[in-house]
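The sequence and coordinates come first, and the notes come after.

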Amino acid sequence: MELQHNRHILKTEQLSFRYEDVKKPILKDVQFSLYPGEAVLLLGPSGSGKSTLAFCLNKLYPEAVDGELKGTISFKGRRLAEFGPGEINEYIGIVFQDPESQFCMTTVEDELAFGLENMKTPPEEIERKIDEALELVHLLPYKHSLIHTLSGGQKQKLALACVLSLKPDILILDEPTANLDPASSYELTRILKEIKKNQTISLLIIEHKLDDWVNLTDRCVVLNKEGEILFIGSTAECFNQYAEELLHEGIWLPSAVRAGLSGKKAGIYHGETLPLTDRELITGFANPSAALQILDNRKNKHQGPEEQIILSAEKLSYNKAGKDLIRNISFSVKTGEFVAIAGSNGSGKTTLSRLLAGLSAPSKGNILFNDRPLSQWKEQELRQKSGYVFQNPEHQFIADSVYAEIAFSLKIQQIPEADIQKKVQAALLQVDLLKCADMNPFSLSQGQKRRLSVASMLVNDLDLLILDEPTFGQDARTSGQLMKLLETKIHSGGSVLMITHDMEIIHSYADKVLVLSEGEKIYDGLPDALWKKDEIMEIASLKVPYIEKLRNDIGSIAGREKLALT
Amino acid sequence: MLLHEFNPSIKAFTVIVCVLILSVFFDPVTPFLTLVMTAAATFIFGRVSFKRWILLFSPFIFMAAIYIWSALVFSKTIEGETLIWTWGIFTLTEESFLRALSLGMRVLSFTSLSLLFILTTKPTDFLLSLMQQCRLPPKLAYGIMAGYRFLPLMKEEFEIIKSAHRIRGVPKARTFHDKAAELKRYTVPLLAGAIRKAERTAMAMESKGFTGDKNRDFYHKISVSWKDWACFAFFIGVILISAYISWLFGFLQFYNGEL
């Protein structure tokens, strides 16, 4: 039994992979093994080949792409190349990042049947297997639902069920929560934890936000920028030794590790190793409450010279196809204010932002921008004063080069060529894209695209910038750069309105937060006060930011000690 | 017995055969009677609401009207036909009027037959049936199904791109040249998105072990029974009865190179 446990189930030897039109290999001499029943976290900066590795492991590559694979991958001692088409997928399953493009059928039941049919499961057994898999991910009531009516979180659970129905030995998760709200991603990790407890299944996890995953993983594999293995070892050891390096590479660290690291730098964390859990972190502080003050990165409220209202919404309602998407919402944004909008998926955040940007007209109510009703603004004028950044940066690209992209709106305003050049150069420098000026916007990396989409807005002298979940699925570095850009905007007197699921951002940057639920405003005020309103947090499926959670933990530990003393 | 329950492939075959038979006749009465009976079958055995049906049917009424109009105005007059009306160069004979009317009725009867199929068949069932009864390769069938899922997504994406470009301050396209440029601007991101999505879906399908293998055991079996053939016979019967009634009243005429 012991012996069997120690036998690897998947092994790569000298694995290298190169895309056909690129000289440099994306993976270089990757060598690692996966053991039955363990969960391994695969970490690395963007572009380090994490997804490529995942696709090589279940034989999607090199078949689906023009590329060259060197070295060997073996599953239970048999080389992957020896498996027939589709054969390995029975043993190694994968859940992808995008919930929209993983399915080919219209209903939940049919989608599960599709995979089982591919595996030549006898038709009379299929129904039982479908029910089993749906039960595991708590989706059984949705068996006959149409897939496009499910929420993003439910779609990812369905994708998971599809894989689990085939009873694989290995499950690869390629950023499965990147597009989900905090509550849905938490639920997905809980389901996986349950599954891992009840079955012998090996997990290989690629993720950005690690907090929910850390206590589930046994080992970490870290890739560096060159696609080589930097480290293989236990999770604790990994973050202990490489925290700074990972941080430098732009990888998100688990919150406890990050807090421990900054605590160590400030000289207040005295633990021997960096903490993985909140408990370890707290015990490492001599004075936890004092440490909180130092760790709290909430920015000081930026006070504008005068409290001028730039945008105000009065009793906005919006209905479409008989549904009330927005109901009676009023609020205002002041000059130099950072306002966050939060709420679960489908609560009307995007619809509200579109109304505010003048992209659709409200059914009832008024929007005043610079003291003038939105409907009285000329389109051209409005676009020069109010900007909007879409969730997917690609949607906004209209020019053939990065330079032309930023110059576009300046050209419309008929600014002299020399001035345009100066302004564009400055903008490119600010977002660190000077080297890419001649490239096609579509060929940029994900982070670069995001920065470009924001830069093309900021080049106008905007009074208000609205952003729709701009930090979704971005690595730590891109996220940081983006927030820095927005900070500069605020300091120069602009206002920012941002839809986000990221509670850390709200805590650190927002002056005010609006919470929506089913088209209604259920909270409007300071973030600090929001964290204490349990009921609202629950309805809107929000989670408290890490520092707040830590404060609660410290409080309850202190309370218990007091109790023990008396 | 609902029309939804019949085998989709045989239903499609029935519609095709009906259209072929109908095109042999060239009088207005036969297609008109067929139209009435298929529409009635759609409402009674298909449980399709009249509102939904007429919504899809009305563009074809418009089309049929144009057909009739142009056939009337530009009809060639053949010697020995009964004149009804003349005005300048326009002449209208009874025969050409019937010809025009029969053309219009043809369009409408074909439409009602197609609607009967479309409104009572689930696309998924049709594709499954095509694979199971007509040996359509699974690669093609599942490809079409995945594509079908994309259509609403593409529409959504198009709307987003349109407003994204509005935000950038792109002026409204007025001239033809501007419109062409606008189309190009929309197409590139739309196609880039579609290709990326298609690639992802293809990978997801492969990762579930899809190889396009033709030997496939289906979970949802779409069967063929005598009822399906009875349905087939019923609709052929509808046309023959229409033709018979038309003959009784002396209208029946076969197509004889009139167009």
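The model is predicted.

**Contact between chains A and B**
- On the chain A side, 49 residues are in contact with 40 residues of chain B.
- Elements of chain A that give two or more residues to this side are β6 (92–95), α3 (108–118), α4 (123–136), α12 (379–385), β16 (386–389) and α13 (402–412).
- The largest share, seven residues, comes from α3(A).
- By residue class, the side of chain A that touches chain B has 25 nonpolar, 16 polar and eight charged residues.

**A sheet in chain A**
- Six strands of chain A form an open sheet with mixed pairing, in the order β16-β17-β18-β13-β19-β20.
- Its edge strands are β16 and β20 (520–525) of chain A, each pairing on one side only.
- From one strand to the next, the twist averages 15 degrees.
- Strand β19 (residues 512–517) of chain A runs antiparallel to β20(A), and five bridges join the two.
- Opposite Leu514(A) stands Asp524(A), in β20(A).

**Chain B**
- Chain B has eight helices and two strands, and from the N terminus on its elements run α-α-α-β-β-α-α-α-α-α.
- The radius of gyration of chain B is 24 Å, whereas a compact globule of 259 residues would have one near 18 Å.
- Along the principal axes, the C-alpha atoms of chain B fill a box of roughly 70 × 60 × 30 Å.
- Buried residues make up 32% of the 259 in chain B.
- Of the contacts in chain B with a separation of 6 or more, 82% are between residues 24 or more positions apart.

Technical notes:
Residues numbered from 1 in each chain as written. Chains lettered and ligands numbered in written order. Predicted model: local features only at pLDDT ≥ 70, side-chain atom pairs only at ≥ 80, totals over all residues. Contact = placed C-beta atoms within 7 Å. Helix = DSSP H or I, 4+ residues; strand = E, 2+ residues; numbered from the N terminus. Nonpolar A, V, L, I, M, F, W, Y, C, P; charged D, E, K, R; others polar. Pairing = 2+ DSSP bridges. Axes fitted to C-alpha atoms, helices over the stretch in contact; angles between N-to-C directions. Rg over C-alpha atoms; globule rule 2.2 N^0.38 Å. Buried ≥ 20, exposed ≤ 12 C-beta atoms within 10 Å, placed from the backbone.
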